[in-house]
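Reader: I am new to this structure and would like to know what lies behind the terms used for it. Please take them one at a time.

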Amino acid sequence: MLELKEKIYWVGVKDWELKRFHGEEYSTHRGSSYNSYLIKDKKIALVDTVWTPFHEGFVADLEKEIGLNNIEYIIINHTEQDHAGSLAYLMEKIPDTPIYCTKNGASMIKGHFHKDWNFKVVKTGDSLELGDYKLVFVEMPMLHWPDSMATYVAGANVLLSNDAFGQHYASPYMFNDQVDQGELFQEAVKYYANILTPFSGLVKKKIKEIKELNVPIDMIAPSHGIIWRDNPLQIVEKYDLWASEYDEGTAAILYDTMWGATKKMALSIAKGLEKNGIGVKVFNLGKIDKNDVLTEVFKAKGIIVGSSTINKGILSSTASILEIIKGLKFKGKVATAFGSYGWSGESPKIVEQRLTDAGFEIIQELIKVKYDPTPENLRECEAFGEQFALKMKEHM
Ligand code: FEO
């Protein structure tokens, strides 16, 4: 157990080996942690559990440290399995312990475990006295599930925020002032870009609501990764920024290629962008991690997507990333499309349509090249990049 503040302990698990999360949907290059918290006040409360594969060790540690029968309350901020997965095993040992969660939380726990435990449904502002501290519950619907909530430990000024403000990041350290800031913020923004972007409107509203509560926050302890104790509100400010049609004024070129022609086009377009002062990153979708690319899309203002034409369609890697991009509902970004072909040449038009469907503003007519690009074609691609840079600047 790691003491975070007097009577508040981290009792979670570090998952050093995790490489994929949400099935295959999210890459976790730096592993993750499942942060569970124990508050040993006059009454003892456990906030969240850990992912199912770690249930035995987690429960055995709790038994050793405090004795399971001494846990008076269980708080489930969020029912996804990485936080509530060990609940069934824990409840086998202490079946009558009340579980505090939202209405949706109770319904989801029942749906998942098919058990009718002693649920105490809470709403924003409801509280639970522990002794010196008081838990105050704050519903966080769709941040990022309908059941999500945060628990504020009044008296200790600690916000147990669950997924919000977290990162998939296993580290020997637990606090933000102890770790490499580049790694920390890269994992934090990746988490936001890949999981929270569709809910940015709700993020802004919730941040406003929390600020208006005007309560002191000395520490923000999410359910994944590092705990914010040094200037904890810095991550709240970041979220506010990230939720505001965020971009860094750069461009991202995403492409896949069969025989290298579309790649040549991509590199020439990039040259044109650079020529007109726009920083650009180029990604081969057949080779790059999709969540890293999505993070770069999140950071970019301009997105240029290319694919060779295959069977009157687009390459599967391009189709796949465009499908995810659509779901993430990025806002305030501009785009165009390109691609090479042999005979029919549908790919850039299909890409353009999918970018439109995903909510991007198409600010430039697509470009396509038949067969392998000639030097003249590549000059046209470069000019295409130059022109896009100028149009992009008009939108910044
Ligand atoms: Fe939404 Fe970390 O689970």
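Reader: How do you know how far apart the centres of domain 1 and domain 2 are?
Author: The centres are taken over C-alpha atoms, and 39 Å separate them. Domain 1 covers 2-242 and domain 2 covers 251-391; the bounds come from an automatic or database domain assignment. This is a predicted model, in which local features need pLDDT of at least 70, side-chain atom pairs count only at pLDDT 80 or more, and totals for chains, interfaces and linings use all residues. Residues are numbered from 1 along each chain as its sequence is written, and side-chain values use heavy atoms, with hydrogens and water left out.

Reader: What makes residues of domain 1 and domain 2 count as being in contact?
Author: Contact means heavy atoms within 4.5 Å. By that rule, 15 residues of domain 1 are in contact with twelve residues of domain 2.

Reader: What is the area buried between domain 1 and domain 2?
Author: About 1200 Å², with carbon and sulfur atoms giving 51% of that area. Buried area is the accessible area (1.4 Å probe) that two parts lose on being put together, summed over both. The size of an interface is often given in this way.

Reader: Which elements give two or more residues to the side of domain 1 that touches domain 2?
Author: They are β5 (26-27) and α5 (181-196). The largest share is from α5, which gives six residues. Helices (H or I, at least four residues) and strands (E, at least two) are DSSP runs, numbered from the N terminus.

Reader: Why is Ser347 called buried?
Author: Buried means under 20% relative accessible area, exposed over 50%, and partly exposed in between (1.4 Å probe, protein chains only). Ser347 has 0% relative accessibility, so Ser347 counts as buried. Of the 396 residues of the protein, 58% count as buried.

Reader: Where is Ser347 placed, and which residues is Ser347 in contact with?
Author: Ser347 is in helix α11, residues 347-357. Leaving aside neighbours within four places in sequence, the contacts of Ser347 include Ser307, Ser308, Thr309 and Gly339.
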